[in-house]
Every structure is written in structure tokens, then in C-alpha cells.
Amino acid sequence: MVARFLTNRSNAPGFSLPPGPPPLPFLGNARDINVNYPWLTYTEWSTTYGDLIYTRVFNQDIVVINSERVARALLDKRSHNYSTRPPSLVPINQFFGLGFSSVFMPYNDLWRLHRRLFHQAFRADAAPNFRPIQMRKSHQLLINLLATPQDFSAHLQTLSTSIIMSIMYDYEIAPCDDPLVAIVERALDLAVKEIRPEVTAVLTALPFLQRLPTWFPGATFKQKALLSRKYATEWVDAPFQDVKARVAAGTAAPSMVSDALRKLEGKEDFLIETAIKESSASGYAAASETTCSTLAVFVLAMVLHPHVQERAHAEIEAVVGLDRLPDWDDRPSLPYIDAIIRETLRWHPVVPLGIPHATVDDDVYDGYFIPKGASLVLLSILRAMSRNPDVYPNPSEFKPERFLSANGELTDDTSSFTFGFGRRVCVGRHVADASLWAAIASMLAVFMFSKPKDAEGREVEFEPKWSAGVTTHPEPFPCDVVPRSTNMNAEKLAELISRST
Ligand code: HEM
């Protein structure tokens, strides 16, 4: 326990842990935290305890960062000390076959290698290489939305999956039931279902459970873990072998994996090849759900705020006109579209608790002692940052204008905190930004999103609900997706797209 640990320390005299709610014996604050939406509890605590809070759940010590100011001071400015992941995550991930994940890897040489591979493909000046793919897929999204508008959620998922499969593996997914996507998604579904907080808390507190034989009564988690390991091996291997064969045949187009393999120039390097394979699999998991969820938040925001859509339509019409679709060159002239993207990221960050960081060494900040991370999880609550009324007045309102100056130009606030901090900041943020822009500008140019009407012509009202988990997205909601132009059909859309490419 940190408290006991602290009393034994000689190098932090006079410094106390950050303030926090009083813990119960053994349970700590487990009963105080909203299990499904823990970010709501942490955000609420900030009004009593401030921006830096100490809490404990069973034997897990947690330091909660509730403001961007403190997150930047610790995770950015002292990043040498705050860039590893909680060691307690490692055995659990390994148990379920996900020990390879770049996202949860400790801060070590292997993580640096993964990060370098991502950086080569997705850094700010390399990410634009993927723009043609992102725009082509966004145009396909328009075709899908016109054909079956009621399936808009599935179409957003297809867009997100197809972009990441192309830029990671130069792989074109089939319109439905793609065999490689099925392998990857089967592994991810099982992992997300089984690595639940209550399972990981028990397995972390009682690690001997991981060694129980599969036949042991009640040890179904062990069978699930074995299955998860099998699925994870296939997830990592199958798309990689597919692109490797095409690189060998000389037919692979540029992508993160094909470019990295080509750099090996036929040399056998097991370490690098494994890193390419494992980082790309991690990147798929990190990219697919987050991008799709953010687009679902955007659609929800449009349904609930028709005046925002009207202003966006007017801006696109004034700059782009009606005869073609928005393209990258238009972006600087469409500040309101960018303001919508920033506000979408801020309004409901899809990774509300961030991904936990941990300290390499003891530290003191603002008079508080932050112990080194053997049993410590540092959570930067992105949701609390996005709801800070001092920075974002009336934070629950969706107001893209907050990102525009009085003369209509974009401010310096890019909502970048929604992509995390320091050396662990999201490596895919430039790619994500471009995917969001291509999809959102294209959708706004062609479609209107609105509440459906009942038989009496009244709008169907609803209360948005949110999924629980590491990432969150709106639960299914009623939405009409209708072309803005009354005479739009498949042929006219195809013409519009061909005039725009
Ligand atoms: C809207 C979309 C996205 C959001 C909101 C998002 C958000 C995040 C956040 C909050 C983190 C944790 C940062 C931290 O620990 O401080 C993260 C990490 C990461 N993201 Fe993203 N992400 C998105 C898209 C992507 C894409 C498109 C890719 C890949 C192309 C990607 C790859 C990763 C990876 C590999 C990490 C782990 C970095 C590390 O631990 O070193 N993400 N992301």
C-alpha cells in the first residue's frame, strides 16, 4: 500500500499523498466509484479534492489527474518519469495473450522499436501519404449511406476498419464478411469481453488463480484466456502473412507493414519482423474502435444540434459549391468544419479515462508525493479535462464556436488532450485527424442527420446513452440520414465523386 510504503520512506519527508476520499479497509474506495462510468466519479471528485487525487481500489493505488494543466506538467514536462505503463497490467495482458500490445507495453527498448515503426509511417509529415486512401474510403461511405441509410453505424465501422486495414497492411476489405477482419475482430471481441475490470482486479489481487488448471470448478476464465491466446496469435499473424507474401511478390502498395518489410531488404531479422507484426496488430486495435466511436459521436451531435449542421452546410456551399465534394485543399477555408471536429473530440472523449501511465521513480509535485509505480496507476481523466468549465464554459453543450476567434479563425486549442500526453501520446493522431476530416466533410456535404418523425410528424425524442468500457460510444440512437439534395441518387452521387477525384 502506498500509505504504508510512504511512512517507510526517508526521501519524501514532509510530503503527503494527494488528497482523496477516505478509503474503507480492504475495499479502499471500490464502493464509491461508478463501475460502468468511472470517469463520472473522478470528474465529480475534482470539485472536492482538486486536480490531483489519490484513491485506492482493493490493493491498487490510483493517482487521478483531472486537469490538462497538471497532466501537461507531469506527463509532458516530466515525461522521462511518467511514460511507463502500470506493471500490474503486464501479467494480465500476457495471461490473455495480449502481452505484445504496444499500447500497454512498459517503457523499454521494445516499446521504442514499436514506436519507431509507427513514427516512420504516421508522423506528421508522413501521414498525408495516406490521404488518397482516406478520401476514397470516405466517398465509399457516402455510397453506402445513400444505399442503406438505416445502417449508418455499420457503415462508420466499415469506414474505420477499411482505412486502418489499408494503411497498416495495404489490404482492401471485402464489402461484407471479410475473412481477415473476422479473425481480428473475433480476437478483439473476446479480449474486450474477458479483460473486464472486475476480472483483472481479482486476478491481480490473487495471481495464483492464473495457474489453476482449466478443469478446476469455476475456472472458466482460464478456458477463455486460452482461447484468447489462440485467437490473438491468429490476429497478429494472419494479416501480416498476407501482406508479407505480397511484398515478396512485389505487388504490395505502400502501407506501414509493407514499407517496414521493404526496408529489411530481404534480410531475416526475427526481432524486427516480430515487432512489425505486433505493432501493426496493436495499431489496428487502437485505431479501429476509436475512429468509429468518434464518428458516431459526431453523428449524434448533428442529430441533436441542427443549427450546427446548417452553419456547416452553409460554409461548405460557400467554399466548395454544389458540383464537387470537399478536398484537402479546401480545409484551410473551412474552419467551422475543423471546429466541429475539435468539439466532437472534446464533447465526449471516446477514451474517457485515458490509458494509464505509471511513474518510474518517486516524485513530488505541488507539495504532494507521487510514489514510484510498482502498484500505482496514474489515470489522466480526459473526460474531466473536457468538462472543465473554466476552460470550456457550459461544457455539456455542443458549441463548435468555442474553437473559433471573434473573426471566425480557429483558435490554438486543438482538443489535443483527447489523444493523451507525453511520450505515450497517440501515435495515430495525425492519421485519425485526417480520417475524421475526410469523413465528416464528405458526410456534411451530401447528407443531413436528423431525428426521425413519428406518424403525426413530431420528432422522436430520445436520451443519449453511452457504452461502458475503456472506450465509449453512443448506444444505438434513432437517426434519419437523408441527402441534402432532393434529387440525389446513386448515379448523381457517382458523378459528384468522379468530379471530385
Ligand atoms: C479518434 C481517434 C483516436 C483517439 C481519440 C485516440 C486516443 C488515444 C489515446 C487517449 C491514447 C493514450 C495516450 C496516452 O497514453 O497518454 C492513444 C494511444 C495510442 N494510439 Fe490512439 N487514438 C485514436 C486513433 C488512433 C489511430 C488511427 C492509431 C493508429 C494508426 C492509434 C494508435 C495508437 C497507439 C499505438 C497508441 C499507444 C501509444 C503508446 O502507448 O506508446 N490511435 N490513442
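What you're looking at is a predicted model, where local features need pLDDT of at least 70, side-chain atom pairs count only at pLDDT 80 or more, and totals for chains, interfaces and linings use all residues. Residues are numbered from 1 along each chain as its sequence is written, and side-chain values use heavy atoms, with hydrogens and water left out. Helices (DSSP runs of H or I, at least four residues) and strands (runs of E, at least two) are numbered from the N terminus.

**The iron site**

- The ligand's iron atom gets a single donor from the protein: the SG atom of Cys426, 2.3 Å away.
- Donors here are N, O and S atoms within 2.8 Å of the metal (3.2 Å for Na, K and Ca), and since water is not among the atoms, sites may look incomplete.
- To find cysteine 426, look in the loop between helix H15 (382–386) and helix H16 (429–446).

**How helices pack**

- Two packed helices are described by the angle between their axes and the distance between the axes.
- The axes are lines fitted to C-alpha atoms, for helices over the stretch in contact, with angles from 0 to 180 degrees between N-to-C directions.
- Angles under 35 degrees count as roughly parallel, over 145 as roughly antiparallel, 65 to 115 as roughly perpendicular and the rest as oblique.
- Helix H11 (residues 256–263) packs on helix H12 (residues 270–304) at about 170°, with the axes 10 Å apart, so H11 and H12 are roughly antiparallel.
- On the H11 side, Met256, Val257, Ala260 and Leu261 are in contact (heavy atoms within 4.5 Å) with Glu273, Ile276, Ser279 and Ser280 of H12.
- By class, that contact has five nonpolar, two polar and one charged residues; Ala, Val, Leu, Ile, Met, Phe, Trp, Tyr, Cys and Pro count as nonpolar, Asp, Glu, Lys and Arg as charged, and the others, Gly among them, as polar.
- Helix H13 (residues 306–319) and H16 pack at about 90°, with their axes 9 Å apart, so H13 is roughly perpendicular to H16.
- Gln309, Ala312, His313 and Ile316 of H13 make that contact with Ala441, Leu444 and Ala445 of H16.

**Salt bridges**

- The whole structure has 25 salt bridges, each a side-chain nitrogen of Lys or Arg within 4 Å of a carboxyl oxygen of Asp or Glu.
- One of them joins aspartate 51 and arginine 69 (3.4 Å, N to O).
- Aspartate 51 is in the loop between helix H2 (38–49) and strand E1 (52–57), while arginine 69 is in helix H3 (residues 68–76), 18 residues apart.
- Buried means under 20% relative accessible area, exposed over 50%, and partly exposed in between (1.4 Å probe, protein chains only).
- Aspartate 51 is partly exposed at 29%, and arginine 69 is exposed at 52%.
- Aspartate 237 and lysine 277 pair up at 2.9 Å, N to O, and because aspartate 237 lies in helix H10 (residues 220–248) and lysine 277 in helix H12, the pair ties together parts 40 residues apart in sequence.
- Arginine 246 and aspartate 242 form a salt bridge at 2.7 Å, N to O; the two are four residues apart in H10, so about one helical turn separates them.
- Glu68, Arg72 and Asp76 are linked in a network of salt bridges.

**A buried lysine**

- Lysine 222 sits in helix H10 and counts as buried, at 12% relative accessibility.
- Leaving aside neighbours within four places in sequence, lysine 222 is in contact with Phe95, Gln210, Arg211, Leu212 and Thr214.
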